[in-house]
Amino acid sequence: MHVVAIVLLLVVLATAVATFAGRLRVPAPSLLVLAGIGVALIPGVPALHVPPQVIGMVVLPPLLYASAEELSLRDLRMVWRPVTILSLGLVFASAAAVGFTAVAVAGLPPAMAFVLGAVLSSTDPVAVTALGRRLALPGRLQVLVQAESLFNDATSLVLFKVAVGIAVAVGASVSVPAAGGEFLLLGGGGSVVGATVAGLVWLVRRRTTDPVLETVIALVTPYAAYVLAESAHTSGVTSVVVAGVLLGRSGHRLTDAHIRLQLHAVYAVVVFLLESVVFSIVGLELPTLVRDLPAGTGWWPLQALALAAVLIAVRVLSTLPLTRAVKPRRGRGRSGLSWRVAGVVTWAGTRGVMPLAAALSIPLLADDGTKLAGRPLVLVLTTAVVVFTLVVQGLTLAAVVNRSGLALEPEHTAREEDDTRDALNRAALHHVEHLAELEAVPDTALDRVRRALTARLDRTPETPDGTTADTAYRQLRREVIAVQGAELHRLYDDHRISDTTRRRLQHDLDREDAALGTL
């Protein structure tokens, strides 16, 4: 009962924190972590121990799915090489660097240091997406940050399982072929399961028109992808990510405007509630874990800072050679390396809930029945590094982006949206004139739609004519909205607009369609 009361308190607190964060223009996850630490330090608050299965099974699937749906598949095709290098090579490099540092500064046994390196080797997609929503980064740079955090889970998970196996087994040795086979099984198998789930959901949703059923299917999809993949002994996270990316690209063709607006509203609430609880849990866990530390480990804050510094340094050195592939082209002759891009990509690579869930799943005992040496310190160092990245990097990320000069100016985004709206209205007006030549629609409906589109192109207010919105007018208006939607996606596929502009204008078209009511 105490745990339920704490969770409800966190939801209430998160609402206030989100409002406060919006006024200060800072990421809500950073303040939620601080709020969780504050709640945990209140006298009388019971210790909160969250089973990692709860985080992995209940919280992560919908958050990962929502993050994957926001990923632009078009932009992902342009940065797949650096994403692949970062999600593979950077994970191995980070794990090795953290492992050696943990042995040197924390005195951990080599096997447990390797476990800690595997845990901290990957960025967290939930945290990265939550922190990056307010940034105005160029398309390829934003996709690189999000995609790398989404696709590096398979590598870090293989490293973690291999490291834990070595730590709990006395005299165990590393088998490179076995580790490679496990990687292919986890990553490749999870991708196959996710693609299969996406295909089945696509077949079902294209035949469903009930808003309630559509909402239930959308909420169940990430859990189905996760559970099926885990049951097949593959990566559930990879399965959820693949399903989300594939369905996010074709979502506008599966449902109508009413259902898309409803799904957007429902998922916004679900994501807000889960993020509120999960980032607060990170803050709540740290004081509890510190109390359980054995004597002689009082230097953990400095050790955590050293590990965080190593992670940042390795990330900068690994990211810099890849900046040529993602740096925005601003003039000729600027195709070299960019410290600005490397700095932004590095500072956006925060750790979050997934490393914490992995650390909590470390066994208590070795195979011979003895306590696993160093486990409490590994948990504290993991949580401390997660808190450091969420708070320090999260609160300063916007400043780093602004100082880098890479952020898109608000005028640039507004101009692109205005130009795109004009293109959509011109395409719609051309369609209306074509219908007028065919004399297939009543003149009154044609005149009303023509006047509305002309007023939008002329930037003049639309004046209602007082006539009743009859069936012919609404049918024509919906047909025009469909033409505008097709033109919007053509502009996007031709790389003439960004994914952010496409999403915003598609949402505006959906609202306009829904306002027409049912025929």
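Which ring does the charged end of arginine 502 sit over? The ring of tyrosine 492, at 4.8 Å from its centre. Some notes on the rest follow.

1. Ground rules. This is a predicted model, where local features need pLDDT of at least 70, side-chain atom pairs count only at pLDDT 80 or more, and totals for chains, interfaces and linings use all residues. Residues are numbered from 1 along each chain as its sequence is written, and side-chain values use heavy atoms, with hydrogens and water left out.

2. Charges over rings. The criterion is NZ of Lys or CZ of Arg within 6 Å of the ring centre and within 35 degrees of the ring normal.

3. Helix α20. Helices here are DSSP runs of H or I with at least four residues, numbered from the N terminus. α20 covers residues 443–457, 15 residues in total, and its first-to-last C-alpha span of 21 Å is close to the 21 Å expected at 1.5 Å a residue (that is, 1.5 Å times one less than the number of residues). Its buried residues (under 20% relative accessible area, 1.4 Å probe, protein chains only) include Ala445, Leu446 and Arg448. Just after α20, arginine 459 takes a positive phi of about 60 degrees.

4. Cores. A nonpolar core means buried Ala, Val, Leu, Ile, Met, Phe, Trp, Tyr and Cys residues joined through side-chain atoms within 4.5 Å. The largest one has 113 residues, with Trp300 and Leu381 among those making the most contacts inside it. Helix α18 (residues 375–404) supplies the largest share of this core, 13 residues. A second, separate core of 12 residues includes Leu429, Val432, Ala445 and Leu446.

5. Leucine 435. This residue sits in helix α19 (residues 410–438) and is buried, at 8% relative accessible area. Leaving out residues up to four places away in sequence, leucine 435 touches Ala440, Val441, Leu446, Leu476 and Glu479 (contact means heavy atoms within 4.5 Å). Leucine 476 is 41 residues from leucine 435 in sequence, and their C-alphas are 9.6 Å apart.

6. The aromatic pair. Searching the whole structure turns up 1 aromatic pair. Tyrosine 65 and tyrosine 267 form this tilted pair, 6.1 Å centre to centre with 35 degrees between the planes. Pairing takes ring centres (Phe, Tyr, and the six-membered ring of Trp) within 6.5 Å; planes under 30 degrees apart count as stacked, over 60 as edge-to-face, the rest as tilted. Tyrosine 65 is in helix α3 (residues 52–69) and tyrosine 267 in helix α13 (residues 257–291), so the pair ties together parts 202 residues apart in sequence.

Note on methods:
Helix = DSSP H or I, 4+ residues; strand = E, 2+ residues; numbered from the N terminus. Buried < 20%, exposed > 50% of the residue type's maximum accessible area, 1.4 Å probe, protein only.
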